[in-house]
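Look at the sequence and the structure together. The text below goes from one residue to the whole chain and back to a single residue.

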Amino acid sequence: MSAIFVLQAQDFNKSVQLKWKSVNQEIYFQGANYPNNYFRLPVYSYVLDIGKNTATEIKITNEVYKPLQDVKLSSKQLSVIQSQIIINSEIGIDRKNNLATISVFPFRNNNGQIETLTSFDVAVQPNNNLSNN
């Protein structure tokens, strides 16, 4: 069950609500992706058409977190959860259009308490990253 949204090349702003559920010790939300490197933990993602741009600048604001309860995570799952959420952007090409795949790993370890991201605002600005930083 995977949802990918393709959007047009311009500044993109969206408020996101993740409606978490759990069944048999598995935690999920609608439209989640499950990359292997996160050991079956859900990831929020979407695809943005960035036109001729070669990079994106991503900002996450107004985050709301909730302590994870009633789910026991494996040691492998716990090992990938950092003190802040993980945001990734990968650029690819489809039919001569640059596409940015934006993903948010919505877990954090807040001083030993695992928390899930329940809502946030995301802003994506496509740009031409011509520097070699």
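Leaving aside its neighbours within four places in sequence, which residues is Leu41 in contact with? Contact means heavy atoms within 4.5 Å. With those neighbours left out, Leu41 is in contact with Ile27, Asn33, Tyr34, Pro35, Leu73, Gln77, Val80, Ile81, Phe105 and Phe107. This is a predicted model, in which local features need pLDDT of at least 70 and side-chain atom pairs count only at pLDDT 80 or more, while totals for chains, interfaces and linings use all residues. Residues are numbered from 1 along each chain as its sequence is written, and side-chain values use heavy atoms, with hydrogens and water left out.

Helices (H or I, at least four residues) and strands (E, at least two) are DSSP runs, numbered from the N terminus. Of the contacts in the chain with a separation of 6 or more, 75% are between residues 24 or more positions apart.

Of the 133 residues, 41% are buried, that is, under 20% relative accessible area with a 1.4 Å probe, protein chains only. The largest nonpolar core has 33 residues, and Leu41, Phe105 and Phe107 are among those with the most contacts inside it. Such a core is a set of buried Ala, Val, Leu, Ile, Met, Phe, Trp, Tyr and Cys residues joined through side-chain atoms within 4.5 Å. Strand S10 (113-127) is one of the elements that give it two or more residues; S10 gives the most, with five.

Ser103 lies in strand S8 (residues 97-105). Ser103 is buried because its relative accessible area is 17%.

Terms used:
Buried means under 20% relative accessible area, exposed over 50%, partly exposed in between (1.4 Å probe, protein chains only).
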